Amino acid sequence: MARQASKSSLLFSGSDWDFKTLSRTYDAIEAIAVEELHLDTYPVQMEIISSQQMLDAYSSVGMPLMYHHWSFGKHFLHQDLLYRKGGRGLAYELVINSNPCIVYLMEENTMALQALVTAHAALGHNHFFKNNQLFKQWTDAGAILSYLDFAKGYIVRCEERHGLAAVETVLDSAHALMAQGVFRYHRPPKLSSERQREGLRERLEYEEHSYNDLWRTLPPSPQRSHDKRQDPERKKSLNLPEENLLYFLEKNSLVLEPWQREIIRIVRVIAQYFYPQRQTQVMNEGCATFVHYTLMNMLFDRGQISEGAMLEILRNHSNVIFQPAFDDPRFSGINPYALGLDMMQDIQRISTEPTAEDRDWFPDIAGHGNWREILLDAWADHRDESFIRQYLSPTLIRKWRFFVLSDAADQPHCQVASIHNERGYDKIRAALAHSYEVGANQPDIQVVDVDLLGDRHLRLQHKVNDGILLDDASRDATLRHIRRLWGYEVSLAAVDAETGVTIHERSTSQISE
């Protein structure tokens, strides 16, 4: 039991707050986080915003600086309608992966809730952003804010010079291709410095003034008009196949003007920034939830928050980790907060109070004792897929009642393929881990061939897994967007990933405008 806290030792009393109280509470939480959990964070910049500002942040994908686009306004109106009609609540906070780490707190929050979300975002998410290898290798926290400032100003200048419609046309197509505009298998280049971006701006302005549109109308060379699709030297010079479609269009399209190329680059840089977050939702939210739950209990045990505040914190914590049953109308899948927290606490249990089963499954960490070290290493070195594959225990599989269903297209019924037994645990863990593999759940579409000196026909390939084809309408719409940025015919071949057999091929010449 925690000792009874005296009023003088409390960080706050009541639900009201001011900036002095927020600062004092943050300092106390940070001290425990460093001392007890050994967290390592970026400097924190906390901002207090209203519900309308939070909705605005939602619409601009949570970024503090963003260029204008009609889709953001549409998203804002949708979120605002849901919020006003009670169909959706707002997040208690929003945190930006940047250096300094920016944390937005809702002004409507009570002080107890401000303490909870401060621990969750300013310490938990912040530590994960700074130390996880995916974020360290694939994003540049120190440069993203200045880059967004550059991007916003650049697109405004483009709208003034070339017209709103022309800029939105490029943005529409680039946004439609964002999911295929990331590097998945090799590290993207670092963001340029402010000095380099200033030089780039000057160079682009020079190129725009000296740009000659006539060369694009030249016919293909007769010597190059024959089929060269199997020319390995040409493919090698273009680094084909290329997984990043926006990158390929930016570098090789023959119809884009310099300012259009830079807009495409802006969109793919933003897409790349969010790529690690898509791979670490369970880990990131699990880390932050474990941190806030642990720190709040430590504050209570030290007599720094009252019983009333702790009850409010636990109520909000319970709402965050609530997992509806599969037959509940509120069910929308596995709650990453709940699964992440359970896995973090299970690692803590295995390292301090292991069972015989734990020792068989986790010989390296069972009884290790130092759960902090194990968690810090896991937060640094894993993404969702590998974390689940390595740390999901039979205990949690039973608690969550996981099992594997086999749903073959040629069979009239589903079959329970794996259950809670010795053979089933491995298969259940592998199946759940695979469901969090972003690469396996996103269409694998790559540029496989183009003859820039010939017919300039851009050939794409979609590797089909488990017989799952692209939706016809979205496929054709995507091809139109690619055709707009490429300027010439584009075709997409669906190829079986196992056999290499072409299932079908669709070309822009077959699609009506």
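## Sheet, cores and selected residues

In this predicted model, four strands form an open sheet in the order 6-7-8-9, and their pairing is mixed. Strand 6 and strand 9 (502-507) are the edge strands, and because each has a single partner strand, one side of each is left without a neighbour in the sheet. From one strand to the next, the twist averages 25°. Within the sheet, strand 7 and strand 8 (residues 490-496) are paired in the parallel sense over seven bridges, and Arg 459 has Ser 491, in strand 8, as its bridge partner. Helix 21 lies across strand 7, strand 8 and strand 9, and its direction makes an angle of about 135° with strand 8.

Two of these strands, together with helix 21, also take part in the surroundings of helix 10 (residues 245-252), which is mostly covered, with six of its eight residues buried. The buried residues of helix 10 are Leu 245, Leu 246, Phe 248, Leu 249, Glu 250 and Asn 252. They pack against helix 7 (164-176), helix 11, strand 6 (444-449), strand 7 (458-464) and helix 21 (472-486). At the N-terminal end, helix 10 is capped by Asn 244, of which a side-chain oxygen lies 3.4 Å from the backbone nitrogen of Leu 246.

Helix 11 (residues 258-279) contains Ile 264, which counts as buried because its relative accessibility is 0%. Apart from residues up to four places away in sequence, Ile 264 touches Val 170, Leu 246, Glu 250, Leu 256 and Leu 485. Of these contacts, Glu 250 is 14 residues from Ile 264 along the chain, and the C-alpha atoms of the two are separated by 6.3 Å.

The largest nonpolar core has 74 residues, of which Leu 123, Leu 295, Met 296 and Trp 379 touch the most other members. Helix 4 (residues 111-131) supplies the largest share of this core, with 12 residues.

Gln 304 is found in the loop between helix 12 (281-301) and helix 13 (307-320). With a relative accessible area of 18%, Gln 304 is buried, because the limit for that class is under 20%. Its contacts, leaving aside neighbours within four places in sequence, are Ser 9, Leu 10, Leu 11, Ala 28, Ile 32 and Leu 299.

| Residue | Relative accessible area | Class |
|---|---|---|
| Ile 264 | 0% | buried |
| Gln 304 | 18% | buried |
| Cys 101 | 0% | buried |
| Cys 414 | 48% | partly exposed |

How many disulfides does the model contain? The count comes to zero, on the criterion that a pair of cysteine sulfur atoms must lie within 2.5 Å. Among the cysteines, Cys 101 is buried at 0% relative accessibility, whereas Cys 414 is partly exposed at 48%.

Definitions and conventions: Residues are numbered from 1 along each chain as its sequence is written. This is a predicted model: local features need pLDDT of at least 70, side-chain atom pairs count only at pLDDT 80 or more; totals for chains, interfaces and linings use all residues. Side-chain values use heavy atoms; hydrogens and water are left out. A nonpolar core is a set of buried Ala, Val, Leu, Ile, Met, Phe, Trp, Tyr and Cys residues joined through side-chain atoms within 4.5 Å. Buried means under 20% relative accessible area, exposed over 50%, partly exposed in between (1.4 Å probe, protein chains only). Helices (H or I, at least four residues) and strands (E, at least two) are DSSP runs, numbered from the N terminus. Contact means heavy atoms within 4.5 Å. A polar contact is a pair of N or O atoms within 3.5 Å; within protein, one must be able to donate a hydrogen and the other to accept it, and residues adjacent in sequence count only if both atoms are side-chain atoms. Two strands pair if DSSP finds at least two bridges between them. Axes are lines fitted to C-alpha atoms, for helices over the stretch in contact, and angles run from 0 to 180 degrees between N-to-C directions.
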